[in-house]
Amino acid sequence: MSLEAQLNTDLKTAMKAHDKLTLNVVRMMKAALTNEKIKQGHDLTPDEELTVVSRELKQRKESLDEFQKGNRDDLVAGVKAEIAIVEKYAPKQLSADEITKIVTDSIAKVGATGMGDFGKVMGAVMPQVKGKADGNLVNQTVKAQLNK
């Protein structure tokens with residue numbers, strides 16, 4: 001089932017259940033997909049859909065961090081609930097060990113020797129982990145491996 005079909009099904013379910021939070025999140029996801037579809041000028045590929053879902057998830061996680069820094073506990077719970085809903089549409093995230101293995105393999109493949117090769121390594125790693133790993137975690141892992 002495509003992401004759009006899944007969102008439509010979940011939208012109907014949320015409407016019938018009077019689940020306002022899920023309804024709002026699903027509508028935002030549908031709007032983001034529609035906007036991206038218009039921007040691209042064609043139906044989205046599964047990879048492009050994944051990019052949109054990842055962007056939505058990242059925005060919510062950044063909001064969560066800001067709300068926690070600002071001691072806005074009233075908003076933290078709502079954003080955590082939204083994150084849980086959006087995560088249902090995102091692929092399973094890679095563990096830190098899996099990311100480290102991918103980074104190590106990529107370093108060997110591109111022949112990186114130090115921090116000067118950071119861009120090469122990131123260029124090789126990111127397509128492999130796209131949507132499946134947090135970019136900041138990948139960035140930190142690459143830096144740690146190159147500094148060894």
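## Leu3 and its contacts

Leaving aside neighbours within four places in sequence, Leu3 is in contact with Leu33, Glu49, Val53 and Tyr89, where contact means heavy atoms within 4.5 Å. Leu3 also has a C-alpha 8.0 Å from that of Pro46, although 43 residues separate Leu3 and Pro46 in sequence.

## The model and its confidence

The structure is a predicted model, in which local features need pLDDT of at least 70 and side-chain atom pairs count only at pLDDT 80 or more, while totals for chains, interfaces and linings use all residues. Residues are numbered from 1 along each chain as its sequence is written, and side-chain values use heavy atoms, with hydrogens and water left out.

The mean pLDDT of the protein chain is 88, and 99% of the residues score at least 70; pLDDT is the predictor's confidence in each residue, from 0 to 100. Helix α2 (residues 20-40) has the highest confidence, at 94, and helix α7 (residues 135-146) has the lowest, at a mean of 84.

## Overall layout

The protein chain contains seven helices and zero strands, in the order α-α-α-α-α-α-α along the sequence. Helices (H or I, at least four residues) and strands (E, at least two) are DSSP runs, numbered from the N terminus. The C-alpha trace spans about 55 × 40 × 25 Å along its principal axes.

Of the 148 residues, 34% count as buried. Buried means under 20% relative accessible area, exposed means over 50%, and partly exposed lies in between (1.4 Å probe, protein chains only). The protein chain exposes about 9,100 Å², and carbon and sulfur atoms supply 53% of that area; accessible areas come from the Shrake-Rupley method with a 1.4 Å probe, and for residues only the protein chains shown count as cover. Among contacts between residues at least 6 apart in sequence, 55% join residues at least 24 apart.

In soluble globular proteins, nonpolar side chains tend to be buried together. A nonpolar core here is a set of buried Ala, Val, Leu, Ile, Met, Phe, Trp, Tyr and Cys residues joined through side-chain atoms within 4.5 Å. The largest such core has 22 residues, of which Leu3, Leu7, Met29, Leu33, Val53, Val86 and Tyr89 touch the most other members. Helices α1 (3-17), α2, α3 and α4 each supply at least two residues of this core. Helix α2 gives the most to the core, with six residues. Apart from this core lies another, of 13 residues, among them Ile102, Ala112, Val121 and Val142.

## Salt bridges

Side chains of opposite charge can pair when their charged atoms come close. The whole structure holds seven salt bridges, a salt bridge being a side-chain nitrogen of Lys or Arg within 4 Å of a carboxyl oxygen of Asp or Glu. One of them joins Glu36 and Arg55, whose closest N and O atoms are 3.3 Å apart. Because Glu36 lies in helix α2 and Arg55 in helix α3, this pair ties together parts that are 19 residues apart in sequence. Glu36 is buried, at a relative accessible area of 9%, whereas Arg55 is partly exposed, at 33%.

Arg60 forms a salt bridge with Glu82, with the closest N and O atoms 3.0 Å apart. This pair links distant parts of the chain, since Arg60 is in helix α3 and Glu82 is in helix α4 (residues 73-87), 22 residues apart. Arg60 is buried, at 7% relative accessibility. Glu56, Arg60 and Glu82 are linked in a network of salt bridges. A further salt bridge joins Glu66 and Lys69, with closest N and O atoms 4.0 Å apart. Both residues lie in helix α3, three residues apart, about one turn of the helix. Lys69 is exposed, with a relative accessible area of 65%.

## Exposed positions

Pro46 is found in helix α3 (residues 46-69) and is exposed, with a relative accessible area of 68%.

His18 lies in the loop between α1 and α2. His18 has a positive phi of about 55° although it is not a glycine, and His18 is exposed at 70% relative accessibility. Asn71, in the loop between α3 and α4, has a positive phi of about 55° and is likewise not a glycine. Asn71 is exposed, with a relative accessible area of 63%.
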